[in-house]
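Me: I am new to this structure and would like to learn how to read it. Could you take me through some of its features, step by step?

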Amino acid sequence: MLEQGQGIQRDTSFFEKRGYNKDIMPKSVEQRNSSAFNFFTLWMGAVHNIPNYTAVGGFLLLGLSPLQVMISLVISSFLIALLLVVNGYAGSKYGIPFAMHLRHTYGDIGAKLPGILRGVVAGIAWFGLQTFAGSQALLILMNKIFPGFSDIGDGTTILGITIPGIIAFLLFWVINFAIGIGGGETLNRFTAILNPLIYIVFGGMAIWGIKAGGGLSKIMSYELTTEGSILYPTILAFILVFNSLLGVWAAPGASVSDFTQNAKSTRTQIIGQVSGIVVAHMLFAFSSVTILIGGSIYFGQQEWNILNIINQWDNIWTIFFATGVLLLTTISTNATSNIIPAAYQLSALFPKHINYRRGVWIASIASIITMPWKMMENSDSIFMFLNIIGAILGPVAGVMIVKFFFISKCRINIEELYFDRNSNERPKVRINIQAYIATIVGVSISLIGFIPKFHVILDFSWFIGFFTAGILLLLLNIFKK
């Protein structure tokens, strides 16, 4: 059995003749170059982005105080970090990508369905939605730089989007595509530059929020108008925050091996991811509450859209700088959570015809064809999409972790993963029935939450699906023996 990323001791042509391309081959220790610093900066943009800041406004309406929201966000960061380092352990130990981690869990054929759901459906669809959301911020900037830009075409629409809108979307799409096509090395350089900018911008905005709100004590004692909102007991509200954030991280949490396969060591990815996620959320917890509440006090109305707060500032250059960094964080999120996993999955599904770069092209073009601006017309459809993905990928992550740690005892036979010992053509396990049963049960229970009478399940769907599927797989394996 080959351990610690040694890979299969055969040359590249041996893999290629059997339908594998270099993007899904196991990486040897010598091929890995991601340091703890790379992992520290990797997820910063995925924390500090427009949707996450808007979500904090929703958390404040659950009945939690500003301080309790901050505490819940910090605690959530430890849970997210735990998910990433635990599910990324197989990648850092054996140098395998998410596609092969899935194969170890579900079998050769069995890995295709969860791979499609994570990389193709969730990755491509959310890439398009994030790109469109970012293009709306870019559109605001372009209107300030070129007055009258929004009047181009006199309101004429093409496939449901205005001409200025499609220009901003395609321009932002090109930037996202360029980062995606560059792969991990380009992303590492990009996040290394972005990381200090995030501290500068959001740290500065937090200081502004405190001053605008009349001091930190006034922000912490601010009483929100919660009329029409569902108020939860404190403990349940905390768990709801945990579930919401884990749901947002369901997709990258499942496919984190695409990044940890490049880690110089397991220790490297653990130190980098834990410190990066926790520090990022500590800044996020403080800045989001102070900016949103400080801005609400200053402008005399509750405002949970950070872009609306920024655009009411007097200094045009601070607007440009702050909005620009928010755009960069959206690009970072798109690369880490959407376009890179989608490209790897397409490569894994069609290894003879699609490599990583072709996967980026296909996924990027498909994200335009889905016309994400149509889905953005109805916010309910977006949340339903995200809830469905979270309800599906929570059980997938639970099954992957239980399979690797409790059933396989952290051991993967790379030879059997890539080849059958007798034929050297196909892996030994085609479909892991126990893993499928556990996943289907976990997903089914999570999706019951879409039935009105069981809506409370949806509020805690990630936890319910994750633990149900993981525990069931463990029980099925015990009974099998």
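Reply: Gladly! Let us begin with contact, which means that heavy atoms lie within 4.5 Å. Keep in mind that this is a predicted model.

Me: Which residues does Met205 touch, not counting residues up to four places away in sequence?

Reply: Met205 touches Ile291, Ile306, Ile310, Trp313 and Ala322. Met205 is also one of the residues with the most contacts inside the largest nonpolar core.

Me: What is the general idea behind such a core, and how many residues does the largest one have here?

Reply: In soluble globular proteins, nonpolar side chains tend to be buried together. In this model, the largest nonpolar core has 119 residues. Alongside Met205, those with the most contacts inside it are Trp43, Val56, Leu73 and Phe202. Apart from it lies another core, of eleven residues, which include Phe404, Cys410, Ile412 and Ile414.

Me: And where do nonpolar residues form a surface patch?

Reply: Look at Phe406, Phe467, Ile471, Leu474, Leu475, Ile478 and Phe479, which make a nonpolar surface patch of about 720 Å². Helix α23 (residues 461-480) gives the largest share of this patch, six residues.

Me: How do I read a pair of aromatic rings?

Reply: A pair of aromatic rings is described by the distance of the centres and the angle of the planes. There are 24 aromatic pairs in the structure. Take Tyr53 and Phe202: their ring centres are 5.2 Å apart and their planes are at 20°, so the pair is stacked. Tyr53 belongs to helix α4 (residues 50-60) and Phe202 to helix α9 (residues 163-212), so the pair ties together parts that are 149 residues apart in sequence. Both Tyr53 and Phe202 are buried.

Me: How many salt bridges does a search of the whole structure find?

Reply: The search finds one salt bridge. For the general idea, look for a side-chain nitrogen of Lys or Arg within 4 Å of a carboxyl oxygen of Asp or Glu. Here Asp108 pairs with Arg103, and the closest N and O atoms are 3.1 Å apart.

Me: Why is helix α7 (residues 98-106) largely enclosed by the rest of the structure?

Reply: Nine of the nine residues of α7 are buried, so this helix is largely enclosed. Among them are Phe98, His101, Arg103 and Tyr106. After α7 comes Gly107, with a positive phi near 95°.

Me: What should I expect of phi in other residues?

Reply: Most residues other than glycine have a negative phi. Asp154 has a positive phi of about 50° although it is not a glycine. Asp154 sits in the loop between α8 (112-145) and β1 (157-158), and Asp154 is exposed, with a relative accessible area of 75%. Cys410 also has a positive phi, near 65°. Cys410 is in the loop between α19 (379-407) and α20 (414-418), and at 16% relative accessibility Cys410 counts as buried.

Key: Residues numbered from 1 in each chain as written. Predicted model: local features only at pLDDT ≥ 70, side-chain atom pairs only at ≥ 80, totals over all residues. Heavy atoms only, no water. Patch = residues over 30% accessible without salt bridge, like charges linked within 9 Å, V, L, I, M, F, W, Y side chains within 5 Å. Areas by Shrake-Rupley, 256 points an atom, 1.4 Å probe, with all protein chains shown as cover. Helix = DSSP H or I, 4+ residues; strand = E, 2+ residues; numbered from the N terminus. Core = buried A, V, L, I, M, F, W, Y, C linked by side-chain atoms within 4.5 Å. Buried < 20%, exposed > 50% of the residue type's maximum accessible area, 1.4 Å probe, protein only. Phe/Tyr/Trp six-rings, centres within 6.5 Å; stacked < 30°, edge-to-face > 60°.
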